[in-house]
Amino acid sequence: MCVLHSRGRALTGKFIKATVAWMLFDQSAILTVHNHVITRNPRISVSHDKHRTWYLHINDVQEEDKGRYMCQINTATAKTQYGYLHVVVPPNIDDSQSSSDAIVREGANVTLTCKATGSPPPSIRWKRDDNKQISINKTLSVNEWIGSTLEMTRISRLDMGNYLCIASNSVPPSVSKQIKVSVDFPPMLWIPHQLVGVPLGYSVTLECHTEAHPTSLNYWTRDDGVMIHEGRKYKVLSTPEKPSYKTNMTLTIVDVEKSDFGSYKCVAKNPRGETEGTIRLYAVERVFSIQRKRMLRGSRLEAMTGPLTFAMPRILKTLSALLFPTRHEKKSSSQNYEYIINKRSPPIRASTKSRALERKRDSRALNWFCNPSWMNPFKSVRTKEAISLFLSSAELLLPSAEPIVSRQ
């Protein structure tokens, strides 16, 4: 019986008073004869147990040591016995035959290759480092791909990332190689609001979202093409987003003046191309803005714009009658309030006044309403009553309110 063991174990042959030789049969190489080592391999040695049990020792076993070994008894009739040595080797990825990081144009095809050695031969599987699915083509996406070659057709920016080639053969440890796939494409822009309105004296922020790879050079210009730089008037910011090819561009204009109205362009450039988007900044009247004050906190009138415009004629008539009553008016504030509840126009004044005088009084009421200082401590009981009735009536006329542009 011959048994092959590695690292300190041996092939043994039990024979009595005979010359024993060991051979690597596959290579027809004589290794030892009796007590003598014939091969020049320093890892080979031989020993015996009182000439009855013979051992062939192979130290530091290598992959090339695998094969069929034969022990032979040199008697009148030679006797032989065979043993096979299996050498298992952990997987190893051959970088020279495997793909390195790849850069491709969007819409092109890409092929990644991963070659590994080991015994038994290792299997190769692919997966994405971020655990997203691998898009093989437009109709097939998988969590893992088996095989030494990974082919992806019509690759897109969504396929950009790190891919792992993992080799395993049941002999630990498994090994992996990371291959980065970059997808180049020209810049693209997305503008949430192409028309932005702002009152004079306010601050406003313009916004553009860009997608580009390689990362684009981003900047803002006026309609005359002059680049806008950071300063007291302008605050320029570019914020990277996820995925890495996305960027959020913002331009904040402080204390808007008349000269600030007009067109602004957000521009993105990279080696694959360039693009630009236009945002138009226009003036918005502050006539119907209501400041956020403690008195209105929690109210539906806390901030509103469009709905107030719709109901303003009726509210303005009532407000002017409450704030600036003429001496000929006999109706009380409570009577005026009842008219609003019934959704009717305010009462007609007892005296006959000219339309010019009426418009003048309405203008005074409107100026009072638009002036932020109108929330200051009230100077008279009548003013307090007027404000209370006005807010109540406005809530009746305005069941819903939308937020306005806030001063920064």
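User: Where is serine 203 found?
Analyst: This is a predicted model. In it, serine 203 sits in the loop between strand 20 (195–198) and strand 21 (204–213).

User: Is serine 203 buried or exposed?
Analyst: Serine 203 counts as buried, because its relative accessibility is 9% and the cut-off for buried is under 20%.

User: What lies 3.4 Å from a polar atom of its side chain, I mean serine 203?
Analyst: The backbone nitrogen of aspartate 255.

User: Switching to cysteines. How many disulfides are there?
Analyst: The count is two disulfides. One joins cysteine 208 to cysteine 266, with an S to S distance of 2.0 Å. Another joins cysteine 114 to cysteine 165, at 1.7 Å from S to S.

User: Start with cysteine 208 and cysteine 266. Is that disulfide left-handed or right-handed?
Analyst: Left-handed, because the torsion about the S-S bond is about -65°. Cysteine 208 is in strand 21 and cysteine 266 in strand 25 (residues 262–270), so the pair ties together parts 58 residues apart in sequence.

User: And are those two cysteines buried or exposed?
Analyst: Cysteine 208 is buried, with a relative accessible area of 0%. Cysteine 266 also counts as buried, at 0% relative accessibility.

User: What about cysteine 114 and cysteine 165, what is the torsion there?
Analyst: The torsion about the S-S bond is about -65°, so this disulfide is left-handed. Cysteine 114 lies in the loop between strand 11 and strand 12 (116–119), and cysteine 165 lies in strand 18, so the link ties together parts that are 51 residues apart in sequence. Cysteine 114 counts as buried at 1% relative accessibility, and cysteine 165 does at 0%.

User: You mentioned strand 11. Which residues are on its covered face?
Analyst: Val110 and Leu112 are on the covered face of strand 11, while Thr111 and Thr113 are on the uncovered one.

User: How many bridges join strand 11 to strand 17?
Analyst: Four, and the two strands run antiparallel. Threonine 113 has threonine 149, in strand 17, as its bridge partner.

User: What is isoleucine 134 in contact with?
Analyst: Leaving aside neighbours within four places in sequence, isoleucine 134 is in contact with Trp126, Lys127, Arg128, Leu140, Ser141, Val142, Asn143, Leu150, Met152 and Tyr163.

User: What is the bridge partner of leucine 24 in strand 3?
Analyst: Alanine 29.

User: Last one. How many aromatic pairs are there?
Analyst: Two. Phenylalanine 25 and tyrosine 82 form an edge-to-face pair, 5.3 Å centre to centre with 85° between the planes. Phenylalanine 25 is in the loop between strand 2 and strand 3 and tyrosine 82 is in strand 8, so the pair ties together parts 57 residues apart in sequence. Phenylalanine 25 counts as partly exposed at 32% relative accessibility, and tyrosine 82 counts as partly exposed at 37%.

User: And the pair with phenylalanine 185?
Analyst: Phenylalanine 185 pairs with tyrosine 245, edge-to-face, at 5.7 Å centre to centre and 85° between the planes. Phenylalanine 185 is in strand 19 and tyrosine 245 is in the loop between strand 23 (234–240) and strand 24 (246–253), 60 residues apart. Both phenylalanine 185 and tyrosine 245 are buried.

Terms used. Residues numbered from 1 in each chain as written. Predicted model: local features only at pLDDT ≥ 70, side-chain atom pairs only at ≥ 80, totals over all residues. Heavy atoms only, no water. Contact = heavy atoms within 4.5 Å. Buried < 20%, exposed > 50% of the residue type's maximum accessible area, 1.4 Å probe, protein only. Polar contact = N/O pair within 3.5 Å; in protein donor to acceptor, adjacent residues only side chain to side chain. Disulfide = S-S within 2.5 Å. Pairing = 2+ DSSP bridges. Phe/Tyr/Trp six-rings, centres within 6.5 Å; stacked < 30°, edge-to-face > 60°.
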